[in-house]
Amino acid sequence: MRPPSPSIPEKEFTYGALKQNIRLDGRIPLEMRSPTITFGPELGWVECALGKTRVIAYVEGKMVKPTPERPFEGIITIHSEISPMASSEYETGRPSEEEVTITRMLDKAIKRSDAVDKESLCISAGQRVWHIRLTVHFLTDGGNMLDCACLAGIIALRHFRRPEVEVIGEDEVIHSPLERAPVPLAIHHSPYCFTFAFFPDSETSPVLDPSQLEQRLSAGLMSIALNAQKEICVLQKLGGVPQDTDEILRLVKVAVAQAKDLSDLVDAKLREDWEWRRSKVEVI
Amino acid sequence: MGSRIEILNEAGFRSDGRRQHELRDLNIDLSRHGEADGSALISHGLTQVLVSVHGPREAKMRSHTFHDRANINVEVTVASFSTGERRKRLRGDKRILEFAATIKATFEPVIRTSLYPRSQIDIYIQVLQQDGGTLQTCINGTTLALINAGIPMTDFVCAISGGVHSTSPMLDLTTLEENDIPHVTVAVMPKAKKVVLVTMETRLHVDRFEEILNLARDAGSILHREMKEAVLNRSISLVSTAGPAQLREKGEDDMNVDY
Amino acid sequence: MAFVLPGQEVPAKHVNLKLGPGLLQQSNYTTSEDSESTVISTKAGTLQHSGNRSKWWVEGNAKRYVPAPQESVIGAVTQRMGEGYRVDIGSAHQASLDALAFEGATKRNKPNLKVGSLIYARVSLAHKDMEPELECFDAQSRKSEGYGELKGGFVVSCSLKMCRDLLDPKHFLLPLLGGRFPFESAVGMNGRVWANAKEIKQTIAIVRCIEAVDPDGGGMDANAAKAFLQTLDL
C-alpha cells in the first residue's frame with residue numbers, strides 16, 4: 001500500500017523551515033546524522049544506524065568453482081531486499097523503484113568500483129575461488145537507507161576475515177582459525193556514499209542525508225560514492241530538480257570533506273573492535 | 001580485450017577516427033510511427049533507439065494515478081540483437097528497471113505534468129542497436145518523441161556521454177571506449193543551462209570530473225541545435241504537405257485571405 | 001496498579017463489572033461451579049481500575065490506533081468524495097468524514113478541504129465491522145468545540161501512551177513548553193500531536209521534546225526534558 005503523502009501543513013512547515021536553513025532534527029543543511037556502528041559477535045556482521053534508519057550487513061564466504069570467463073577471479077555478490085519490515089510501503093516480490101535504485105547503487109559503489117580485490121580471492125586458477133556474499137538487511141526506514149546500507153556493507157567487508165587456505169599439490173587445506181589467523185579481504189579502497197536531497201523551491205539549499213520526511217518531500221536526490229582519496233566511484237543524479245554544474249561541483253566538494261571524516265571514524269571503530277577482540281583472546 | 005586498441009593515438013585521433021571532442025553522426029527521424037502519438041527514431045553513430053510516446057491518456061491502472069499530476073510510465077526493451085553478443089534481457093532485469101526509472105526521473109521535472117491530473121503518459125523505448133551511449137540516445141530520443149507528441153515541456157533535455165582517457169577528456173563514447181575509460185553521462189537543459197542528470201559509474205578523480213562535467217554541458221548545447229533543427233525540419237515538411245491542401249480549401253471559401 | 005501479561009488472571013470483581021480494552025471474561029470450565037468466571041488480561045500493560053473498582057482496563061503502549069467512539073483524533077484527508085472525505089487516522093481502515101459534520105455546514109455551504117488537509121475530529125462511530133466515522137462538531141450543540149481543520153503548524157507522530165500522557169493535565173511537558181513560549185496544540189488519541197508556535201524554531205522544539213519524552217523513543221523524565229530544552233536553540 002502506498003502510504004499517504006505528507007499532509008499540507010507538514011509539507012509547508014518543512015519547506016518553510018528548510019528555507020530558513022532549519023531542519024526538523026536540529027541539523028544544519030549539510031550535516032550528516034552521526035552513524036552508530038555496532039559489531040556483532042561474528043566477523044563480518046555489522047549493524048549500522050543513521051538516526052532511525054537501521055541496516056544490518058553480513059558477509060560470508062564459501063568456496064566455489066569460478067566462472068569460465070574469469071577463472072582467476074573470486075566472486076562477490078550483494079543481496080539486498082527491502083522487506084516490509086523496514087516500512088509498510090515496501091512489499092515482497094515486485095521491487096519498488098527505490099529498491100531498484102538502492103540495489104543497483106550498492107552494486108556499483110561496492111562491486112563495480114573494485115573495492116575488493118577479486119584476484120586475491122582465487123585459490124587455484126579455474127578450480128576454486130572464494131565466493132563472498134554480502135547480505136544487506138534493511139531494518140527500519142528513517143530516510144536515506146542507501147548511505148546507511150553502503151556504509152554497513154563496506155564496514156562488513158573490512159571487518160570480515162576468511163580462513164586461510166593452502167594448496168598442497170591437488171588438495172586444498174583449510175586452516176581453522178585456531179591454527180592460523182584468518183585473513184582479511186584485500187580492500188583497494190573504501191567508498192562511502194552521500195546522498196543529497198533537492199527541494200522544488202530553488203532557493204532552498206540542498207540537504208545532506210535526508211530524513212524520511214525530507215526524502216519524501218524532496219524533488220530529486222543526488223548520491224555520490226567516493227573514497228578518502230578523493231576519487232568519485234559513482235555519482236548519480238537521476239533527474240529531479242535541474243541544477244547548475246557549479247552547485248553539483250560544490251556538493252561534490254562537500255562530499256569529499258565528509259568522506260574524509262567518515263573514513264577516519266570507520267577506521268577508528270574497526271581498530272577499536274579489533275583491539276577489543278584481541279583482549280578477549282589473550283584472556284582465554 | 002580493450003587494451004589492444006589505442007583509445008587515443010599520438011596524433012590525437014580516436015579508434016574510429018574522431019577527434020577528442022568530436023561527436024558522432026546524429027540522425028533523427030520524426031516521421032509518424034504506428035499508433036503512437038509521437039515518436040522518434042534517433043541514432044548517435046551506431047547506437048539506435050526508437051521511442052514512442054502515448055498520451056496523456058487514461059491510466060490502465062487506477063492505483064497509478066495522482067490526483068494533481070500525470071504519471072509518467074517508461075518501459076524500456078532492449079532488443080536481444082542490439083549488442084555484438086546476442087543476449088536476452090528479461091523485462092524484470094534490475095538494470096533495465098533502473099534505466100527506465102532514470103529516464104522517468106529525468107523527464108518528470110521537465111514535462112508539465114500538472115496540466116494533466118489523473119492521467120498517464122507512456123513512453124516506450126526500444127533499443128535497436130547499441131554502440132555506447134545508450135542512455136544519452138534514449139534521453140535525446142525521448143525528448144524528441146515528446147515534442148513530436150505535443151506534450152508541453154519547459155525545455156529540451158539533451159544528453160551526452162563523456163570520458164577521460166588518462167587526462168584528456170573525450171565526448172560521445174563508443175562501446176570500445178566505454179569499456180576502457182571512466183565515463184559520465186550528463187543530461188542538460190540547454191536553455192536554462194542546468195543539469196538534470198549526471199551519472200558516473202567508474203572511479204574518477206574529483207578534478208577530472210569537474211573538467212568533463214563542464215565539457216559535457218557545453219556539448220549539450222550543440223546537440224540542442226541539432227535537435228531543434230530536426231524538429232523544425234519536421235514541422236516544415238508537415239506544413240508543406242498539409243499546406244497546399246489547406247490553401248485550396250480555404251481559397252475556395254474565402255478568396256481574400258492573404259497567405 | 002500492577003503490570004499484567006497476556007493470559008494473566010486479574011482480580012476484577014464487582015456486581016456491576018465493566019471491562020475495558022485488554023481484558024476478557026472467561027467462564028471456568030474446569031470447576032464444577034458454573035457461575036464462576038475469571039477475568040484475564042489479553043494485553044501487556046499496567047492494570048487500571050476506577051475508584052469504586054467497577055471499571056477495569058489495561059493501559060499499554062502501542063503505535064497502532066484502534067478507533068473508539070468519542071475519542072479525539074488527528075487525521076489527514078486522503079480523498080474527496082461526493083458527500084464527504086476519506087481521512088487517514090492511522091487505524092486499520094480509513095475513516096469517513098461527512099462534509100456536513102462541521103459547525104454551520106449546510107447543503108449549500110460546505111467546508112472545502114483539500115487532499116492533504118489536516119483535521120482535528122472526534123470519532124462518532126467505531127465498530128469493528130464498519131469503517132470509522134468522524135465528525136467535526138458536537139452533534140447536540142452543533143458547535144465546533146475546537147474541532148475542524150488544522151492550519152499551519154506541524155504534526156508529530158508518537159506512541160499512544162505519549163498521547164494519553166499529554167492529555168493528562170498533570171503531565172509536565174506541555175506546561176514546561178508553555179512556560180517558555182506560547183503555542184497551540186491539539187492532541188489526538190491516535191498517536192498524533194499537532195503543534196503550532198509563532199516561530200518555526202519553537203515548533204521544532206515542541207516536536208523534538210515530544211519525541212524525546214515519548215516512552216517509545218527517548219523516554220526522558222521531567223528534569224532531562226528540561227535540560228534538553230535548554231540545549232535547543234530558541
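**Entry 1: a sheet in chain C and its helices**

I began with an open sheet of three strands in chain C, ordered S14-S16-S15, with antiparallel pairing. Since this is a predicted model, I take every value here as computed from it. The edges are held by strand S14 (154-157) and strand S15 (183-188) of chain C; each has a single partner strand, so one side of each is left without a neighbour in the sheet. From one strand to the next, I found that the twist averages 20°.

Next I checked the pairing of S14(C) with strand S16 (residues 192-197) of chain C, which is antiparallel and runs over four bridges. Within it, C:Val155 stands opposite C:Trp194 of S16(C). Helix H1 (residues 160-167) of chain C packs on this sheet and touches S15 and S16 of chain C, its direction making about 125° with that of S15(C).

Then I turned to H3(C), which lies across S14, S15 and S16 of chain C and runs at about 150° to S16(C). How far apart are the end C-alpha atoms of helix H3 (residues 200-213) of chain C? They are 20 Å apart, which agrees with the 20 Å that its 14 residues should span at 1.5 Å a residue. I also listed buried residues of H3(C), among them C:Ile204, C:Ile206, C:Val207, C:Cys209 and C:Val213.

**Entry 2: another sheet in chain C**

I looked up a second case, an open antiparallel sheet of three strands in the order S2-S5-S4 (chain C). Its edge strands are strand S2 (9-10) and strand S4 (23-27) of chain C, each pairing on one side only. S4(C) pairs with strand S5 (residues 37-41) of chain C through five bridges, in the antiparallel sense. There I noted C:Leu23 opposite C:Ser41 in S5(C).

**Entry 3: chain A as a whole**

For chain A I counted off five helices and 14 strands. Its radius of gyration is 21 Å, close to the 19 Å of the globule rule for 284 residues, so chain A is as compact as a globular protein of that length. Its C-alpha trace spans about 70 × 45 × 40 Å along the principal axes, and 42% of the 284 residues count as buried.

I also picked out A:Pro71, in the loop between strand S3 (53-64) and strand S4 (75-81) of chain A. It has 14 C-beta neighbours inside 10 Å and therefore counts as partly exposed. Leaving aside residues up to four places away in sequence, A:Pro71 touches A:Pro66, A:Ala125 and A:Gly126.

**Entry 4: where B meets A**

How many residues of chain B are in contact with chain A? I get 28, facing 29 residues of chain A. Helix H1 (94-107), strand S9 (194-200), strand S10 (204-205) and helix H4 (206-253) of chain B each supply at least two residues of that side of chain B. By class, the side has 15 nonpolar, five polar and eight charged residues.

**Entry 5: a helix in chain B**

Is H2(B) enclosed or open, and why? It is largely enclosed by the rest of the structure, because 15 of its 15 residues are buried. Just after H2(B), I noted B:Gly150 with a positive phi of about 75°.

Note on methods
Residues are numbered from 1 along each chain as its sequence is written. Chains are lettered from A and ligands numbered from 1 in the order in which they are written. This is a predicted model: local features need pLDDT of at least 70, side-chain atom pairs count only at pLDDT 80 or more; totals for chains, interfaces and linings use all residues. Two strands pair if DSSP finds at least two bridges between them. Two residues are in contact if their C-beta atoms, placed from the backbone, lie within 7 Å. Ala, Val, Leu, Ile, Met, Phe, Trp, Tyr, Cys and Pro count as nonpolar, Asp, Glu, Lys and Arg as charged, and the others, Gly among them, as polar. The radius of gyration is taken over C-alpha atoms; the globule rule is 2.2 Å times the number of residues to the power 0.38. A residue is buried if 20 or more other C-beta atoms lie within 10 Å of its own, exposed if 12 or fewer, and partly exposed in between; C-beta atoms are placed from the backbone. The expected span of a helix is 1.5 Å times one less than its number of residues. Axes are lines fitted to C-alpha atoms, for helices over the stretch in contact, and angles run from 0 to 180 degrees between N-to-C directions.
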